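Visitor: I'd like to learn how to read a fold like this one. Could you walk me through it?

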Amino acid sequence: MAHHPAHLDTLLQHTGIAEFDPATGAAPVGLPPVRTSTVRFQDLAALERAERRKAAGERVVAYGRMGLDTHVALEDVFKHLEQGTHAYLAPSGLSAITLTFMALLSAGDHALVADNVYGPVHVLEQAVLRRLGIEITYFAPNRDDIAALVRPNTRLLYVESPGSLLFEMLDLPALAEQARRHGLVLASDNTWGSGYIYKPLALGAQVSVVAGTKYVGGHSDLMLGAVVTNDAELAQRINKTQYAMGYSVSADDAWLALRGVRTLPLRMAQHARNALQVCDFLASRPEVARLYHPALPADAGHALWTRDCTGSNGMLSAALRLSMEQARVFVDALRLFSIGYSWGGFESLVQLVAPEYLAGHRYWSGDGQAVVRLHIGLEAPQDLIEDLRQALDRASAV
């Protein structure tokens with residue numbers, strides 16, 4: 001294009017489209033998946049130029065593991081979404097988190113990790129980081145005094161906003177100021193916002209991590225992660241670590257993500273509208289004790305959401321005045337909600353959250369109420385509401 005579009009919606013439609021063939025003057029709209037293991041070079045001089053540029057930290061491909069045109073296009077998409085200067089792909093959201101920790105921490109280092117992060121981070125700590133001599137302290141970002149928790153060997157402040165199960169909004173600019181004061185890197189899991197409705201780098205974080213599995217892909221048919229930064233020194237560390245760990249993303253998955261992201265603006269907005277309608281219904285039910293959804297005015301994080309976000313999505317959780325047995329009846333009675341762990345696809349999902357997963361969240365009241373996490377999909381909200389109504393009726397009758 002002759003000019004640089006001002007709006008992200010336009011960039012998402014024009015980033016990574018196919019170039020015209022100079023011989024025919026024609027091109028497909030979508031960039032095809034470019035698959036390869038071996039990259040050929042015209043001569044040794046071309047190979048040596050590529051190796052020099054790669055050694056200098058440039059995004060140069062000398063072997064197929066790093067991907068070709070399709071991967072470059074997707075990296076550009078993540079840079080636009082997150083307002084970053086460097087993007088690195090990973091085979092899943094969790095592997096993107098792993099890449100972040102492995103790139104930014106060394107043996108003997110200490111990190112502060114928010115208590116509301118994605119559950120498998122705890123597994124990463126227990127199975128890998130401890131074994132490597134890296135220590136983690138979990139903290140409540142909106143409550144704890146970070147200055148009292150920082151040690152001489154603390155290097156990283158890792159958070160997720162909103163939180164993974166109860167969608168607790170964090171004051172990211174305040175956390176960024178604390179990180180700067182203590183010389184820490186602030187990294188934030190931005191899967192909820194996916195760069196479209198929330199931008200951690202613009203709010204002061206230096207690293208943003210996204211599971212493209214969720215809203216970027218949007219169709220529950222791929223696994224993908226990305227690590228984005230606007231810091232050149234951190235980019236070099238992430239780049240070298242990504243290469244050393246041998247991460248590789250299928251060209252077909254990269255292509256699916258490119259296809260999915262074209263409709264991200266429309267899908268995200270519709271998920272959000274549907275979720276708010278469902279929230280209105282749930283708020284009217286006596287079985288619902290509390291709703292966790294930052295776009296709701298009654299939510300504790302609503303002021304931060306209003307200040308820092310440009311929209312919301314289909315995620316919400318509900319604390320129910322039901323026994324765990326009644327909650328199980330409720331989940332099993334749902335007909336339009338599939339039981340599953342992921343989210344961000346077109347379909348509605350439900351997860352009965354085990355109490356032990358909430359035990360470490362100081363945002364949770366810990367009152368023993370059953371908690372269900374819902375992803376509100378692209379079905380007609382009236383149908384979803386009727387499904388929730390019949391399931392609540394059935395659970396209450398037990």
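Visitor: Which strands does helix α12 lie across?

Guide: Keep in mind that this is a predicted model. Helix α12, residues 324-333, lies across β9, β10, β11 and β12. Its direction runs at about 165° to β11.

Visitor: How do I read the sheet itself, and what is its strand order?

Guide: In general, strands of a sheet pair through backbone hydrogen bonds, either parallel or antiparallel. Here the 5 strands form an open sheet in the order β8-β9-β12-β11-β10, with mixed pairing. β8 (288-292) and β10 (338-339) are at the edges with a single partner strand each, so one side of each has no neighbour in the sheet.

Visitor: In which sense do β8 and β9 pair?

Guide: They are antiparallel, with 4 bridges between β8 and β9 (residues 315-320). To find your place in the pair, look for Y292, which stands opposite S317 in β9.

Visitor: Now the domains: how much area do domain 1 and domain 2 bury between them?

Guide: The size of an interface is often given as the accessible area lost when the parts come together. Domain 1 (8-259) and domain 2 (262-397) bury about 3,600 Å² between them, with 61% of it on carbon and sulfur atoms. On the domain 1 side, L165, L166 and Y215 supply 24% of the area buried against domain 2, more than any other three residues.

Visitor: And how many salt bridges cross that interface?

Guide: The rule finds 2 salt bridges there, along with 19 residue pairs in polar contact. Among the elements of domain 1 that touch domain 2, α1 (8-14) gives the most, with 4 residues.

Terms used. Residues numbered from 1 in each chain as written. Predicted model: local features only at pLDDT ≥ 70, side-chain atom pairs only at ≥ 80, totals over all residues. Heavy atoms only, no water. Pairing = 2+ DSSP bridges. Helix = DSSP H or I, 4+ residues; strand = E, 2+ residues; numbered from the N terminus. Contact = heavy atoms within 4.5 Å. Axes fitted to C-alpha atoms, helices over the stretch in contact; angles between N-to-C directions. Domains from an automatic or database assignment. Buried area = accessible area lost by both parts, 1.4 Å probe. Salt bridge = Lys/Arg side-chain N within 4 Å of Asp/Glu carboxyl O. Polar contact = N/O pair within 3.5 Å; in protein donor to acceptor, adjacent residues only side chain to side chain.
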